[in-house]
There are 2 protein chains.
Amino acid sequence: MTKGPDKALVVLSGGQDSTTCLYWAIDRFGRANVSSITFDYGQKHRIELECARNVAAAAGVPNACLPIDTFAALGGDALTDTSIPVSDEADEETELPVTFVAGRNLIFLTFAAAYAYRHDVRHLVTGVAQTDYSGYPDCRKETMAALQEAITLGMDREFTIHTPLMHRSKKETVELAVQLGALEMLALTHTCYNGRRPPCGDCQACRLRARGFAEAGVRDPLLDIR
Amino acid sequence: MTKGPDKALVVLSGGQDSTTCLYWAIDRFGRANVSSITFDYGQKHRIELECARNVAAAAGVPNACLPIDTFAALGGDALTDTSIPVSDEADEETELPVTFVAGRNLIFLTFAAAYAYRHDVRHLVTGVAQTDYSGYPDCRKETMAALQEAITLGMDREFTIHTPLMHRSKKETVELAVQLGALEMLALTHTCYNGRRPPCGDCQACRLRARGFAEAGVRDPLLDIR
């Protein structure tokens, strides 16, 4: 096979981080070479899917939405199981946050690779971050490195997983969005664990986001939506 | 966390190889410590799911069936896309067989790990084989090693992926089934790419299976079902 052009696929959740990554990818690969993929995995907050669609449309890049019905069938996490309230608490048994969906990022990136495989795309971009990673082991650099090797070997195609936020704090992620001219776009995003837009301001996700903007000395445009 | 007992989860497709692996796992871990998982990923041949259920029931181990609706949404392979006939031909563009579902084994094992994570199981068993691997890059030893690292890091749990057939030819796989007392169980399995039981005998999968039994000098019990 001949080597294709440098095209990138961004895993877009509709949140602040993946939206910033979308603009990072546009900056690096050019708008015409960037597309996005979103997963409908049965998340309680359907608003995420709408935010992803709106962000992609506003950014002028295609957005594919793929269903994954498996996590709901697996059950047992607070983001898909309606019987578990979202909270900051850790699961007693695993000591991981109750919002941890085991394998979620591994699955997202593997399906993203399968989609990329069919569209001659070799660059995958994800907003996972080791800093402020809220105890999710699938966000670590080492995990992403191992996964990149697994998908490269497993599909016989040289994939690169880009993690532009890996070592950035929330403050630095806000600064990156400003630098990329993506700040206003963050009004279209969704972060709140309680599914609210405007955000609840109380949950761990809202508090992390608010702290990042505060430390960067920038007003979050999401607070000004009505 | 304390280390759990040595429990194993077998990825059971309802075919000859995974059925042999189920008996390998029973032999190694003890029947009471073995369970099986099957994926309903939209395969054309629904008979596979029935075979998996029958094999597990006959072996006396639990069988969980998890849905994956994503591959059908991705499209483009002969095992799930009804517009592509199953054949031995390679895709012109990728040079991989048209039956190659990009990322399939990576996804199966990652979801198996997510299921195992919730059930305190650390050993995963899969029937992938590098020998006779029909050109599927996700069956290779290196792919499995990278994936084992990705799921171990990504879920913060020490998983081991066992591939008892990795370096066995089809002949040696038949011999292993005989040695494990699992030969008669192979009458319950399904191999044919054309979805037939008794098998069509013509497709690549049937021919591979027949050659293995012939070389082992053993009659395939599947040929005697009515």
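**Setting up**

I first noted the conventions: residues count from 1 along each chain as its sequence is written, while chains are lettered from A and ligands numbered from 1 in the order in which they are written. Because the model is predicted, local features need pLDDT of at least 70 and side-chain atom pairs count only at pLDDT 80 or more, whereas totals for chains, interfaces and linings use all residues.

**Chain A overall**

I looked up the secondary structure of chain A and got seven helices and five strands. Helices here are DSSP runs of H or I with at least four residues, strands are runs of E with at least two, and both are numbered from the N terminus. From the N terminus on, the order in chain A is β-α-β-α-β-α-α-β-α-β-α-α.

Next I checked burial, and 52% of the 226 residues of chain A count as buried. My cut-offs use C-beta atoms placed from the backbone: 20 or more others within 10 Å of a residue's own is buried, 12 or fewer is exposed, and in between is partly exposed. For contacts I want C-beta atoms, placed from the backbone, within 7 Å. Of the contacts in chain A with a separation of 6 or more, 70% come from residues 24 or more positions apart.

**How the two copies meet**

I laid chain B on chain A, and a turn of 180° with a shift of 0.0 Å along the axis gives an RMSD of 0.0 Å. The two copies are thus related as by a two-fold rotation axis. The superposition is by least squares on the C-alpha atoms of residues with pLDDT of at least 70 in both copies.

Then I went to the interface, where 35 residues of chain B contact 35 residues of chain A. On the chain B side, β3 (63-67), α3 (70-74), α4 (104-118) and α5 (141-155) each give two or more residues. That side splits into 20 nonpolar, eight polar and seven charged residues. I counted Ala, Val, Leu, Ile, Met, Phe, Trp, Tyr, Cys and Pro as nonpolar, Asp, Glu, Lys and Arg as charged, and the others, Gly among them, as polar. The same surface serves both copies, with 97% of the contact residues of chain B recurring in chain A.

**Two covered helices in chain A**

I started with α1 (residues 16-29) of chain A. Since 12 of its 14 residues are buried, α1(A) is largely enclosed by the rest of the structure. The cover includes β1 (8-11), β2 (34-40), α2 (47-59), β4 (123-125), α6 (170-179) and α7 (204-216) of chain A. A:Gly30 follows α1(A), with a positive phi near 90°.

I then turned to α5(A), where 11 of 15 residues are buried. What covers the buried residues includes α4 (104-118) and β5 (160-162) of chain A, together with α4 and α5 of chain B. A:Asp156 follows α5(A), with a positive phi near 55°.

**The core**

Which residues have the most contacts inside the largest nonpolar core? They are A:Ala112 and B:Ala112, in a core of 132 residues. A core here is a set of buried Ala, Val, Leu, Ile, Met, Phe, Trp, Tyr and Cys residues joined through C-beta atoms within 7 Å. Leaving aside neighbours within four places in sequence, B:Ala112 contacts B:Leu9, B:Val11, B:Ile37 and B:Leu124. Apart from that core lies another, of five residues, including B:Tyr193 and B:Cys203.

I also looked at β2 (residues 34-40) of chain B, which has six of its seven residues buried. It pairs in the parallel sense with β1 (residues 8-11) of chain B over four bridges; pairing takes at least two DSSP bridges.

I found a cis peptide bond from A:Arg197 to A:Pro198, omega near -5°. A:Pro198 sits in the loop between α6 and α7 of chain A. Chain B has a cis bond from B:Arg197 to B:Pro198, also with omega near -5°.

A:Asp120 has a positive phi of about 55° although it is not a glycine. A:Asp120 lies in the loop between α4 and β4 of chain A, and is partly exposed with 15 C-beta neighbours inside 10 Å.

How values were computed:
Contact = placed C-beta atoms within 7 Å.
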